[in-house]
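Dear colleague,

I am passing on the structure that follows, together with some notes on what was found in it. Please keep it open while you read, as the notes go through it part by part.

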Amino acid sequence: MIDFSQDYFALFGLPRRYRFDGAQLDAAYRALQRGVHPDRYAAAGETERRLALQSSARVNEAYRALKDPVSRAQYLLSLQGIDALAETDTALRPEFLQQQLARREEIAEAQVECDTAKLGSLLDAARQDIAALDVELAERLDTDNDLAAARDKVRELRFVTKVATDIEAALGEIEA
Amino acid sequence: MALLQIAEPELPAPPHGRRLAVGIDLGTTNSLVATVRNGIPVVLPDAEGRPLLPSIVRYRDDGVDVGYPAQAALVADPQNTIVSVKRLMGRGLADLSDARRFPYRFIDVPGMVQIETRAGRRTPVEVSADILRTLRLRAEAALGGALAGAVVTVPAYFDDAQRQATKDSARLAGLNVLRLLNEPTAAAIAYGLDNAAEGTYAVYDLGGGTFDLSILKLSRGVFEVLATAGDTALGGDDFDHRIYCWMLETSQVGPVSPSDTRLLMLKAREAKENLTAHSTAPIVATLSTGETIQATLGVATLTAISANLVAKTLGQVRKALRDARLEPRDVKGVVMVGGATRMPQVQKAVAEFFGAPPLNNLDPDQVVALGAAIQANVLAGNRAHDEDWLLLDVIPLSLGLETMGGLSEKVIGRNATIPVSRAQEFTTFKDGQTAMAIHVVQGEREKVEDCRSLARFELRGIPPLVAGAARIRVTFQVDADGLLSVSAREQTTGVEASIAVKPSYGLADGDIARMIEDSQRHAAEDMASRALAEARIEAERVVDATRSALAADGDLLGADERTAIEAAMATVQRLAAGADRHALSAATAALNKATEGFAEKRMDRSVRHALAGRSVDSLADQ
């Protein structure tokens, strides 16, 4: 049975950092699932089956949380008592907001005109922003331990990630 | 129960303690049962050597026909001969946009639709159970004993109501369901293990009535489903229907009777099947009115009239690729599953989309049942030492809750790996509020009315506090079968809120119990002896599991613990030789209870071992 009091990083035997070797997370995830997945206990007693279900769900939840950059940063901050994505406090930098609103308008326009080239370049721009925020988050969290700055960057990253997903969906709709 | 024993002198007897397990593909058009024999998955044919069982059930005055005999009555007795019942599983009449296509007398009741037959009202769950029971008896006759368990396959895109209906149906048929397995995943197991494949694959599964597309990553014995998409109301039947409409149109025939519809649908299917090997198919039919239909269907015409059906499937392929964040070129191969993938225009369209010829070296009708048999064998505890593979599947549709304004708030997103569990906190909005209604829906749309209603829960016994002070934590858990369960607890006082579940389409537990009783009264089976046999199988399973646990990890136990477990085990073994099934079941439960602490210690060790193995793995990666 896994230790439910362990944090997600400890569960996978990883350092408590924003940046780590993704292949190591994948390998640890699969190794843990090999140990706890309900399919391994289908012929076992009731207790083992119940424990397997709970443990396997926990491992899946932990993997999902660490795999995705936004939720990983959010989780790291939550371990330090900060709720980065609290609904009561969603303020973003005005410059950032302005830039993103302008981009949203461009997306809406390109979508109406079914301009896939324009949507493609907007997607590239969003992905560049994501990459830059990823680098910055790693510095704030792993090097400076500047939690307030990290919290702002998590919100921006979440925002831009949503923008990228929406462009992908729009492209998908035009294709279909 | 009298069982036909089939002796196979050339085969060695199964090793002692081997559990009889089968995989069942419960299809829209045909169903199959398969098992693993001497390490090789094989389909179990009927007494005449036919592997397929047509998924057709006919209700007569004095009994039920399943399969070929029912098929023979299709045209003569359309209202009592049920085909494509899979399309009705977990569905209300309002869900069936194509209800007019079925010649049945539907009864519009709240929840799942029912059919009025000569033998009385039947739910789709009961009709499916008649098919599953036939397969169970076929397997028991071929294997020479009662089954320890079965893996039953479902379309990956089945929602919770459709899955629950399938599981209920298997229980009703007297099967112990080891797992509900997604059809494309089953095909991937059969295909992947057969070809020692590695890399990312797509499974394109076009069955009689459902379409699934799954993207899987196969690496080092792990089958990981990355994304799944599909349509549970799109399949070979729809191609038949297009041909049927084309026939009526070209021959200028007006509305026809139910039995003529059946006749023409059969002719349409024949023509479709002919076109897999020929470029044209002649159609000749004489209607009950004396009118004659004569036409020739060519591949080009079929391609034209079914183009938007094929396009619909490719739309789902794109969606799954997008969810998996992949391009068509990232896919190493496409496995074709389901009889409808034999159509040449489908093969061609898929090949063009992926830029590679599809893989079809396993029989598309059998591959799902074979994969299910492999999984059943492993789950029943017959895992061989070299079978160290693991399957990680996903939930196909998001689960959400109705919030203010009729919107759905997603709690678990689609393509989340199962099992999965997630909690959400709620609060009261009135002073002294002691109850709260929660509506669980499944689907991707924003508005609740566009999603499928799964269940309504009433939370009661919330301590009366001022508005907003109570904190109710609702936990959603989806198990490895893809089935949802919900529990709730008030956080500040620790009061467990009771939940009254009203499944929107499923059957309540009481319904199932009644149906099991009914079916056993009607079936010529000895109920008591069957129940005893089942209790013995369960007892044997638990004793076996305990014995192998003791052999493997007995060192984890103190002398007292070991003595207690051995005593409980001895009691079970003593009672298993007798005929008191209630005492036996109680003793089995007591043994389960006695091994709880041991189970936890064993899982601890298993996890430590898995992690130790992982460090070797990650070294190898670098």
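What distance separates the centres of domain 1 of chain A and domain 2 of chain A, taken over C-alpha atoms? Before the answer, please bear in mind that this is a predicted model. The two centres are separated by 31 Å, where domain 1 covers residues 8–67 of chain A and domain 2 covers residues 94–175.

The rest of chain A can be described around that division. Chain A holds seven helices and zero strands, so that its elements, read from the N terminus, run α-α-α-α-α-α-α. With a radius of gyration of 20 Å, well over the 16 Å that the globule rule gives for 176 residues, chain A is more spread out than a compact globule. Along the principal axes, the C-alpha atoms of chain A fill a box of roughly 60 × 45 × 30 Å, and 39% of the 176 residues of this chain count as buried. Of the contacts in chain A between residues at least 6 apart in sequence, 63% join residues that are at least 24 apart.

Chain A also touches chain B, with 35 residues of chain A in contact with 40 residues of chain B. On the chain A side, the elements that give two or more residues are helix H2 (22–36), helix H3 (46–67) and helix H7 (147–175), and the largest share, eleven residues, comes from H2(A). Sorted by class, this side of chain A has 16 nonpolar, eleven polar and eight charged residues.

In chain B, an open sheet of five strands with mixed pairing has the order S18-S13-S14-S15-S19. Its edge strands, each pairing on one side only, are S18 (333–337) and S19 (390–392) of chain B, and neighbouring strands of the sheet are turned by 25 degrees against each other on average, direction ignored. Within this order, S13 (residues 199–206) and S14 (residues 211–219) of chain B pair in the antiparallel sense over eight bridges, and B:Leu206 has B:Phe211 in S14(B) as its bridge partner.

Strand S16 (residues 280–286) and strand S17 (residues 292–298) of chain B run antiparallel and are joined by seven bridges, with B:Ala295 in S17(B) as the bridge partner of B:Ile283. The hairpin of S16(B) and S17(B) has five residues between the strands, and B:Gly290 takes a positive phi near 95 degrees there.

With kind regards

Conventions
Residues are numbered from 1 along each chain as its sequence is written. Chains are lettered from A and ligands numbered from 1 in the order in which they are written. This is a predicted model: local features need pLDDT of at least 70, side-chain atom pairs count only at pLDDT 80 or more; totals for chains, interfaces and linings use all residues. Two residues are in contact if their C-beta atoms, placed from the backbone, lie within 7 Å. Helices (H or I, at least four residues) and strands (E, at least two) are DSSP runs, numbered from the N terminus. Ala, Val, Leu, Ile, Met, Phe, Trp, Tyr, Cys and Pro count as nonpolar, Asp, Glu, Lys and Arg as charged, and the others, Gly among them, as polar. The radius of gyration is taken over C-alpha atoms; the globule rule is 2.2 Å times the number of residues to the power 0.38. A residue is buried if 20 or more other C-beta atoms lie within 10 Å of its own, exposed if 12 or fewer, and partly exposed in between; C-beta atoms are placed from the backbone. Domain bounds come from an automatic or database domain assignment. Two strands pair if DSSP finds at least two bridges between them. Axes are lines fitted to C-alpha atoms, for helices over the stretch in contact, and angles run from 0 to 180 degrees between N-to-C directions.
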